[in-house]
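I opened my notebook to get to know a new structure.

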Amino acid sequence: LLFAGALVTIQVGFVNLILSVIVDAASAAREEDAQQRIEEKRKQEEIDMVSFHHLMARIDEDDSGTLSLEEVLEGFDFDEEMQEKLADLSIGRKDLQSLFELMDVDDTGDLRYSEFIDHMTKARTQDM
């Protein structure tokens with residue numbers, strides 16, 4: 001009887017040990033998966049930034065490195081990629097003039113690519 005009790009206690013101990021190893025492995029895998037998702041998101045954001053920069057350069061008709069309201073509106077009218085990116089943010093042509101004026105904090109009438117991209121990135125991340 002004493003031997004049976006000791007045997008059961010040892011078996012329960014081994015089961016607990018095995019269970020704790022499984023739980024630790026699952027926890028580590030979950031943490032690794034979360035880190036991988038963060039890294040993938042960061043890489044996708046970098047790709048999006050480069051893509052957005054190329055888009056800005058494409059609609060910059062005078063190659064000044066800045067965008068005027070007219071260039072942004074024409075880009076919206078004639079560039080499907082720009083229409084898609086802005087549609088993802090629920091921004092239509094009517095909204096562009098108001099948004100442009102809000103983004104043009106130095107009131108020059110032009111936005112550097114980086115200003116435009118920063119504001120659009122903030123809008124996208126706040127929208128999610």
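**The pocket.** I kept in mind that this is a predicted model. I looked up the largest pocket and found about 150 Å³ of space in it. Which helix gives the most to its lining? I found that H5 does, with four residues. H1, H3 and H5 each supply at least two residues of that lining. I noted several lining residues, including Phe-52, Lys-85, Asp-88, Met-120 and Arg-124. By kind, the lining divides into five nonpolar, one polar and four charged residues.

**Salt bridges.** I got a count of seven. I started with Arg-42 and Glu-39, whose closest N and O atoms are 2.4 Å apart. Both lie in helix H1, three residues apart, about one turn of the helix. Glu-39, Arg-42 and Glu-46 are linked in a network of salt bridges.

Next I checked Asp-79 and Arg-58, which meet at 2.8 Å, N to O. Asp-79 lies in the loop between H2 and H3 and Arg-58 in helix H1, so this pair ties together parts that are 21 residues apart in sequence. Is Asp-79 buried or exposed? At 12% relative accessibility, Asp-79 counts as buried, while Arg-58 is partly exposed at 46%.

Then I turned to Asp-77 and Arg-93, a salt bridge of 2.6 Å, N to O. Asp-77 is in helix H2 and Arg-93 in helix H4, so the pair ties together parts 16 residues apart in sequence.

I placed Phe-14 in helix H1, residues 2-59.

Note on methods
Residues are numbered from 1 along each chain as its sequence is written. This is a predicted model: local features need pLDDT of at least 70, side-chain atom pairs count only at pLDDT 80 or more; totals for chains, interfaces and linings use all residues. Side-chain values use heavy atoms; hydrogens and water are left out. On a 1 Å grid over the protein atoms alone, a cavity is a set of points where a 1.4 Å probe fits but cannot get out, and a pocket is an open set with protein on both sides within 12 Å along at least five of seven lines; lining residues have an atom within 4 Å of a point. Grid points are joined across faces, edges and corners, and a volume is the space filled by probe spheres set on the points. Ala, Val, Leu, Ile, Met, Phe, Trp, Tyr, Cys and Pro count as nonpolar, Asp, Glu, Lys and Arg as charged, and the others, Gly among them, as polar. A salt bridge is a side-chain nitrogen of Lys or Arg within 4 Å of a carboxyl oxygen of Asp or Glu. Buried means under 20% relative accessible area, exposed over 50%, partly exposed in between (1.4 Å probe, protein chains only).
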